[in-house]
Amino acid sequence: MEMVTQMVTDASDFLWNVVLIILLCGTGIYYTIRLRFIQVRKFGEGCKQVFGHMLSKGNKGNAGEMTPFQSVATAIAAQVGTGNLAGAATALISGGPGAIFWMWVSAFFGMSTIYAEAVLAQEYRTVKDGEVTGGPVYYIKAAFQGTFGKVLAGCFAVFIILALGFTGNMVQSNSIGSAFAEVFDAYNLNIPSIAVGVVLAAICAVIFLGGVDRLAAVVEKIVPLMAGIYIVGSLILIGLHITAVPAAFRMIFVGAFNPEAVVGAGAGIAVREAIRFGVARGLFSNEAGMGSTPHAHARAAAENPHKQGLAAMISVFIDTFIILNLTVFSILTTGVLDCGKQGTALTQAAFTTSFGSFGMIFVAVCLLFFAFSTILGWHFFGLVNVKYLFGDKAGKVYSLLVVVFVMIGSVLKVDLVWSMSDFFNGLMVIPNAIALWALGNGVVEIMKKFS
């Protein structure tokens with residue numbers, strides 16, 4: 001088992017540290033140039049597209065459609081997960097503070113990539129069994145006619161079901177179980193971890209079986225709530241250490257080009273490592289180019305594909321430039337980077353410096369919201385592809401299987417499962433990125449038509 005785990009881990013590392021950095025950053029740069037820096041030119045309009053529909057019930061004309069805000073909320077629900085608490089901490093430890101600069105760079109280019117994904121998801125969406133559906137499998141088949149397109153789309157569908165629906169959701173539920181286990185131990189509460197899993201699985205089952213409408217209704221409420229709670233708590237913490245903010249910025253910018261000046265030569269962190277971990281963790285967090293969030297954007301009752309593309313850009317901005325940055329500055333300004341802890345535990349250590357044991361509980365609750373919302377989003381993305389491969393009847397079987405995986409994942413941490421999740425996440429990028437390059441001219445034409 002250890003040998004298999006190591007093989008999968010090595011393959012995953014190669015994908016995320018070499019292949020995907022080149023492929024995803026290349027795609028982002030390509031679209032940024034082709035779309036004339038749309039993430040800058042149309043940023044304000046994108047914000048209006050998202051927040052202007054926040055209180056609107058929309059004009060949903062077909063079953064399964066969402067308002068533009070609901071679709072963006074579903075996308076953010078999937079993007080804002082454990083990566084925003086653990087991923088940022090991992091990047092800081094492995095790549096030094098300079099990794100955050102490269103995380104910003106990858107997110108900037110990723111905003112143009114996700115615009116293209118949302119535009120294509122809208123353009124090639126379809127009505128199946130009276131319900132609006134769409135995603136990469138549909139625009140992959142549009143890009144490549146015949147057998148090649150069917151095989152490429154089929155590979156994407158299988159990869160995303162395994163990556164997000166099953167192994168990914170086990171990882172998310174495990175993060176919830178682990179965070180609460182720490183709290184239970186700290187307060188000597190004799191509550192078994194399985195109790196968390198059972199409650200989580202039961203809530204998921206109720207939402208899953210309620211269909212897309214129930215999912216949309218839940219995420220449009222939970223996303224603003226979870227983001228608001230974490231933003232307020234983080235801003236208070238950073239505010240208490242406001243004098244350390246300039247030094248934190250210095251660590252990031254100096255570390256991006258001269259890591260040893262920040263972390264010391266003994267740490268062995270080079271510019272290459274800062275770029276590698278910053279870009280990889282950033283792309284993993286905001287999911288730009290991975291092919292996951294287009295499933296949500298395809299369902300939006302948008303005025304046109306261009307408008308939905310603009311709304312999609314804002315989801316990357318919220319994920320990386322707001323929420324993930326709050327974690328980064330919470331860690332850097334409180335000076336816990338060298339405390340010896342990693343992942344979520346490092347973030348908890350930052351909040352504990354000012355809030356005591358409440359800080360640990362605060363992070364655990366935020367992690368619950370973040371990971372739970374990701375489970376909802378990832379289940380939905382997998383569901384679209386299960387129905388594409390096996391038909392509508394397979395949907396309920398898939399949902400029940402995800403519930404079981406969520407419950408098991410909350411108490412069972414298996415390194416192989418974590419490695420497989422990363423590996424399949426990487427594999428699903430490849431067919432999606434190939435289609436994005438093939439359909440570039442179409443995206444540009446749509447932008448020109450509706451701009």
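Which residues in H7 meet which residues in H8? Pro 136, Val 137, Ile 140 and Lys 141 are the H7 side of this meeting, and Gly 149, Lys 150, Leu 152, Ala 153, Phe 156 and Ala 157 are the H8 side. Do keep in mind, as you look around, that this is a predicted model. The mean pLDDT of the protein is 88, with 96% of residues at 70 or more.

**Confidence by element**

- Helix H2 (residues 38-41) has the highest mean pLDDT among the elements of the protein, at 97.
- At the other end is helix H12 (residues 260-263), whose mean pLDDT of 75 is the lowest among the elements.

**H7 against H8**

- Helix H7 (residues 136-143) and H8 cross at roughly 160 degrees, and their axes come within 8 Å.
- H7 is therefore roughly antiparallel to H8, since an angle over 145 degrees counts as such.
- The crossing of this pair, H7 and H8, is right-handed.
- Sorted by class, the contact of H7 with H8 holds seven nonpolar residues, one polar residue and two charged ones.

**H8 against H9**

- Helix H8 (residues 147-186) also packs with helix H9 (residues 193-208), here at an angle of about 135 degrees and with the axes 9 Å apart.
- H8 and H9 are therefore oblique to each other.
- H8 passes H9 in a right-handed crossing.
- On the H8 side, the contact is made by Ser 173, Ile 176, Gly 177, Phe 180, Ala 181 and Phe 184.
- On the H9 side, the contributors are Ser 193, Val 196 and Leu 200.
- This contact of H8 with H9 has six nonpolar and three polar residues, and no charged residues.

**Leu 162, another stop on H8**

- Leu 162 is found in helix H8, and its relative accessibility of 29% makes it partly exposed.
- Not counting residues up to four places away in sequence, Leu 162 touches Thr 167, Gly 168 and Phe 424.
- Leu 162 and Leu 368 are 206 residues apart along the chain, and their C-alpha atoms are separated by 22 Å.

**H5, a largely enclosed helix**

- Helix H5 (residues 86-95) has seven of its ten residues buried, so it is largely enclosed by the rest of the structure.
- Those buried residues of H5 are Ala 86, Gly 87, Ala 88, Ala 89, Ala 91, Leu 92 and Gly 95.
- Just after H5 comes Gly 96, which takes a positive phi of about 75 degrees.

- Most residues other than glycine have a negative phi.
- Arg 36 is a residue other than glycine with a positive phi, near 55 degrees.
- Arg 36 is found in the loop between H1 and H2, and it counts as partly exposed at 47% relative accessibility.
- Phe 37 is not a glycine either, yet has a positive phi of about 55 degrees.
- The loop between H1 and H2 is also where Phe 37 is found, and this residue counts as partly exposed at 41% relative accessibility.

**Two buried residues in helices**

- Thr 27 has its place in helix H1 (residues 2-34) and counts as buried, at 1% relative accessibility.
- Leaving out residues up to four places away in sequence, Thr 27 touches Thr 113, Ala 433, Leu 436 and Trp 437.
- Thr 27 and Ala 205 are 178 residues apart in sequence, and 37 Å apart in space from C-alpha to C-alpha.
- Ser 399 lies in helix H18 (residues 394-409) and is buried, with a relative accessible area of 4%.
- Beyond its neighbours within four places in sequence, Ser 399 is in contact with Phe 208, Leu 209, His 379 and Leu 383.

Key:
Residues numbered from 1 in each chain as written. Predicted model: local features only at pLDDT ≥ 70, side-chain atom pairs only at ≥ 80, totals over all residues. Heavy atoms only, no water. Axes fitted to C-alpha atoms, helices over the stretch in contact; angles between N-to-C directions. Helix = DSSP H or I, 4+ residues; strand = E, 2+ residues; numbered from the N terminus. Parallel < 35°, antiparallel > 145°, perpendicular 65-115°, else oblique. Left-handed = near helix turned anticlockwise from the far one by under 90°. Contact = heavy atoms within 4.5 Å. Nonpolar A, V, L, I, M, F, W, Y, C, P; charged D, E, K, R; others polar. Buried < 20%, exposed > 50% of the residue type's maximum accessible area, 1.4 Å probe, protein only. pLDDT = per-residue confidence, 0-100.
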